[in-house]
Amino acid sequence: MPALHSRGPVCIVPAMAQARVQADWHPASWQTRDAAQQPTYPDQERFESVVGELSRLPPLVTSWEVEALKEKLAAAQRGEAFLLQGGDCAENLEEVTSDNIVQKLKILLQMSLVMLMGLRKPIIRVGRMAGQYAKPRSADYETRDGESLPSYRGDLINRTGFTAADREPDPQIMLRAYGRSALTLNFIRSLIDGGFADLHHPENWDLDFVRESSTAAEYHELVKSVSKSLDFLEAITGEPIHRTRRVEFYASHEGLHLPYEQAQTRLLPHRRRWYNLTTHFPWIGMRTADLTGAHVEYFRGLANPIAVKIGPGMSDEHLQSLVQVLNPDNEPGRLTLITRFGAKHVDEHLPRMIRAVRPTGVSVLWVCDPMHGNTETTAEGYKTRRFDNILAELSAAARIHQEQDGYLGGVHLELTGENVTECVGGARGLKESDLARAYKSQVDPRLNYEQAMEIAMLIAGRLGVDA
Ligand code: PEP
Ligand code: CO
């Protein structure tokens with residue numbers, strides 16, 4: 001790919017010499033490498049002017065928040081906390097509404113309370129939110145009725161409609177996505193500061209589906225004990241729970257579109273390190289984890305906690321080099337490996353990968369994404385995932401980490417607070433024939449409210465996540 005910035009990268013502080021980062025790294029050094037999954041903008045001048053504007057706009061998060069999250073992830077590495085990372089496969093600019101944000105925050109907070117009770121350790125809440133707008137695609141082109149157009153790559157890049165105009169990458173929408181991310185974060189912060197939903201009233205928890213489950217009594221017990229514990233805490237402190245216990249919530253997204261990420265990468269003088277301030281916790285997708293590729297080059301210089309998606313195709317040697325390049329100083333909390341093999345393949349790959357990382361001496365947080373290796377297409381052409389496969393991969397990961405004397409330190413889920421029908425199974429037994437009823441995702445199928453709650457309850461009750 002050609003260099004994107006003929007005028008060089010933007011940094012707000014010129015004092016490069018003082019930076020603690022590697023001397024051979026710079027926010028634009030990725031431009032000398034092959035960058036997979038990048039759009040080609042037809043109008044280079046417009047593109048550069050948008051990137052310039054983005055680099056002058058204020059950051060979306062602060063380095064204090066980023067460092068606080070890194071400390072929590074370090075605790076999860078030691079088995080003292082558990083990561084819950086979840087949200088849409090891809091956010092949508094048109095769906096940044098009050099209801100959608102409230103629903104997503106509510107499901108993640110409720111899941112985290114259930115998991116807190118069951119696992120008896122702090123839950124680190126991280127949304128796939130406020131910036132999850134760029135998608136890797138397996139094909140560059142999509143063909144319908146003989147016509148081929150560039151694939152949809154997320155609302156940061158182009159549009160879902162099937163016309164040449166919709167699919168042409170438009171730099172202007174990067175600014176819209178940046179703005180929507182800011183609005184989302186702003187609303188989340190206000191909701192959390194304002195105390196948000198009455199989480200300790202189980203009657204607000206929409207748990208009707210529990211009746212359909214064979215473990216209904218167990219679920220009700222769990223929810224009752226959450227509510228009782230919160231009441232107890234309020235009684236002894238004399239304050240509503242949100243005042244005594246600040247709820248922390250962090251944002252994450254796949255750092256796919258490198259010019260966008262670069263534009264918000266800042267050298268902070270008081271820390272002498274470079275931060276990506278579009279999000280707290282960016283990750284490298286499975287398709288862009290090439291050792292010599294642009295994404296690994298860009299990520300290695302960041303001070304943020306970062307994650308990489310690890311699929312079945314990665315060799316032990318690749319993984320060993322990757323953890324060394326991405327966490328050369330073995331910084332606690334710095335590196336998370338999100339494994340996504342599929343229920344059928346987890347036993348073949350996870351043990352060998354755990355054994356491969358160990359001799360490098362690099363400590364990592366192991367997280368299971370039980371979604372992306374379990375995607376299938378129904379006879380009617382719906383992309384779906386079976387609840388049983390999701391659960392099977394998650395249980396297998398917990399067991400394997402235990403067998404290898406380590407920890408499963410978190411879970412990465414695609415979910416929504418809405419009542420969609422995209423994944424099959426769960427307590428209500430959603431069938432393939434139900435998918436047409438409320439299938440909304442433009443990309444991957446998400447767990448709905450009930451299915452997500454059920455996963456949280458299963459993690460809390462039965463997974464034996466603890467070593
Ligand atoms: C995703 O998280 O939406 C995704 C594309 O994942 P992966 O890189 O693991 O395929
Ligand atoms: Co996805």
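## Gly-179 and its helix

Gly-179 sits in helix α5, which spans residues 172–193. In this predicted model, is Gly-179 buried or partly exposed? With a relative accessible area of 23%, Gly-179 counts as partly exposed, because the cut-off for buried is under 20%. Ala-130 is 49 residues away from Gly-179 along the chain, and 9.4 Å separates their C-alpha atoms.

## The chain as a whole

The protein chain has 467 residues, and 59% of them are buried. Its secondary structure comprises 13 helices and 14 strands. If we take the contacts between residues at least 6 apart in sequence, 77% join residues at least 24 apart. The chain exposes about 18800 Å², with carbon and sulfur atoms supplying 48% of that area.

## The cobalt site

Which residues hold the cobalt ion (ligand 2)? Cys-89 through SG, His-372 through NE2, Glu-414 through OE and Asp-444 through OD coordinate the ion, at 2.1 to 2.4 Å. Written as a sequence pattern, the spacing of these donor residues is C-x282-H-x41-E-x29-D.

Cys-89 and His-372 bring together distant parts of the chain, as they are 283 residues apart. Cys-89 belongs to the loop between β1 (82–87) and α3 (98–119), while His-372 belongs to the loop between β11 (365–368) and β12 (375–377). Both Cys-89 and His-372 are buried.

## Around ligand 1

Now to the other ligand. The residues surrounding ligand 1 include Arg-128, Lys-135, Pro-136, Trp-283, Gly-285, Met-286 and Arg-340. Cys-89, His-372 and Glu-414 are also among its surroundings, and these three residues coordinate the cobalt ion as well.

Several side chains make polar contacts with oxygen atoms of ligand 1. For Arg-287, an N or O side-chain atom is 2.8 Å from a ligand oxygen. Lys-309 has a polar side-chain atom 2.8 Å from an oxygen of ligand 1, and for Glu-414 the corresponding distance is 3.1 Å. On its own, ligand 1 has 300 Å² of accessible area, and the protein covers 97% of it.

In soluble globular proteins, nonpolar side chains tend to be buried together. Here, the largest nonpolar core contains 77 residues, and Met-111, Leu-337 and Leu-447 have the most contacts inside it. A separate core of 27 residues includes Leu-60, Tyr-133, Ala-134 and Met-174.

Leaving aside residues up to four places away in sequence, Leu-447 touches several others, among them Met-371, Phe-387, Ile-390, Leu-413 and Ile-455. Glu-414 is also one of the residues that Leu-447 touches, and Glu-414 is a cobalt donor too.

Technical notes: Residues numbered from 1 in each chain as written. Chains lettered and ligands numbered in written order. Predicted model: local features only at pLDDT ≥ 70, side-chain atom pairs only at ≥ 80, totals over all residues. Heavy atoms only, no water. Donors = N, O, S within 2.8 Å, 3.2 Å for Na, K, Ca; no water. Helix = DSSP H or I, 4+ residues; strand = E, 2+ residues; numbered from the N terminus. Buried < 20%, exposed > 50% of the residue type's maximum accessible area, 1.4 Å probe, protein only. Core = buried A, V, L, I, M, F, W, Y, C linked by side-chain atoms within 4.5 Å. Contact = heavy atoms within 4.5 Å. Near = heavy atom within 4 Å. Polar contact = N/O pair within 3.5 Å; in protein donor to acceptor, adjacent residues only side chain to side chain. Areas by Shrake-Rupley, 256 points an atom, 1.4 Å probe, with all protein chains shown as cover.
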